[in-house]
Amino acid sequence: MRAGDLLRQIDRRLLPLLADAVARFAQRPVRPQLLGAVVLLSVSAVLVTAVWAADHGRVTGVRTMDDVVRVGVAEGESIPDYLQAVRSELAAMSNDDTSSGPVTGTYALVTLTDYLPPQRLAAVLSGVSVVEVYTRVPLRRTPTQVVRMPAFGLPADVLTGMDQVAERKSREARDYRRRAAELGRAAELDLWTAYDAAARVATAEAEAYRAHCACVYAAVVQGSPAALRTLAGQVEIRAVDPAPEVRRLDRAVFLPPLPEYDQVVPTGAAALTSAGLPPGMSDAPAAGPGSTGRPPVPYATPGAVETSTG
């Protein structure tokens, strides 16, 4: 973990505890020396952690990619803790905070309580500028791909993006069926079964997107602190995670939890690269010299992200 990410996690965990402690101290007589010692110890812990993280990155020789910002909740982390932390962070923002720009406002990751259809987004996300949305077809007990769509105009951009994804999923389904037929049931049964299952999932996804499904579960928006706080009060909104440190979307990775996750994000649910795409994800390759003719089956985890051009 890079130093910036680590400090962000420390802020979210430590600041609510410090605020609670200060509130308790305010209710009873406290010696100034004791309060000063508490503050000194807290600041020292943060500085030591930052130095350790920076040194650790240099010693191991691993690129920390300090200019990439990760926003959201990572795999293995507690969702209740995350929700409490972002509420505290949002409440603590100054109304004068325009870190991402004086006109556009602060970037924020908005997660929804449930999957919504495109037609409801304009009303639910009113008062802020929507940049992109995250969608997934919520098939029962079946991991499906997360798709990130540009969404500057609602609902038109999302409707267009869903139509494009539907066409792509239909092509995937046809390709998987063709490859399963070429194999035949007699040879490599496990691989045939995988292709057949992938074709079924891709077909279901195509049908859902073509019908403009209730599949949107998160969005990246920009707005003033006041607008973000108002948005957080909507009944459809699960969390508004302000990210004033984000200056460029191409250097940010957003990790919104799925609506069905309510305790801990499962391992593998946020397998993203720094560019926002998971390792190994690509269109099915055509068979050719040196090729096995076996496209990856893209339904290994619910965190797999495609980018729709909208």
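Two strands pair if DSSP finds at least two bridges between them. In this predicted model, strand β2 (residues 106-116) and strand β6 (residues 237-242) meet that condition, with five bridges in the antiparallel sense. Within this pairing, Leu109 stands opposite Asp241 of β6. Strand β2 also pairs with strand β5 (residues 216-223). That pairing is antiparallel too and runs over seven bridges. Here Tyr107 stands opposite Gln222 of β5. Strand β2 is mostly covered, and nine of its eleven residues are buried. In a regular strand, side chains alternate between the two faces of the sheet.

The cysteines were examined next. A search of the whole structure finds one disulfide. The disulfide joins Cys213 to Cys215, with an S to S distance of 2.0 Å. A disulfide is a covalent bond between the sulfur atoms of two cysteines. The torsion about the S-S bond of Cys213 and Cys215 is about -125°, so this disulfide is left-handed. Both Cys213 and Cys215 are buried.

The largest nonpolar core has 32 residues. Val133, Tyr209 and Val221 have the most contacts inside this core.

Terms used:
Residues are numbered from 1 along each chain as its sequence is written. This is a predicted model: local features need pLDDT of at least 70, side-chain atom pairs count only at pLDDT 80 or more; totals for chains, interfaces and linings use all residues. Side-chain values use heavy atoms; hydrogens and water are left out. Buried means under 20% relative accessible area, exposed over 50%, partly exposed in between (1.4 Å probe, protein chains only). Helices (H or I, at least four residues) and strands (E, at least two) are DSSP runs, numbered from the N terminus. A disulfide is a pair of cysteine sulfur atoms within 2.5 Å. A nonpolar core is a set of buried Ala, Val, Leu, Ile, Met, Phe, Trp, Tyr and Cys residues joined through side-chain atoms within 4.5 Å.
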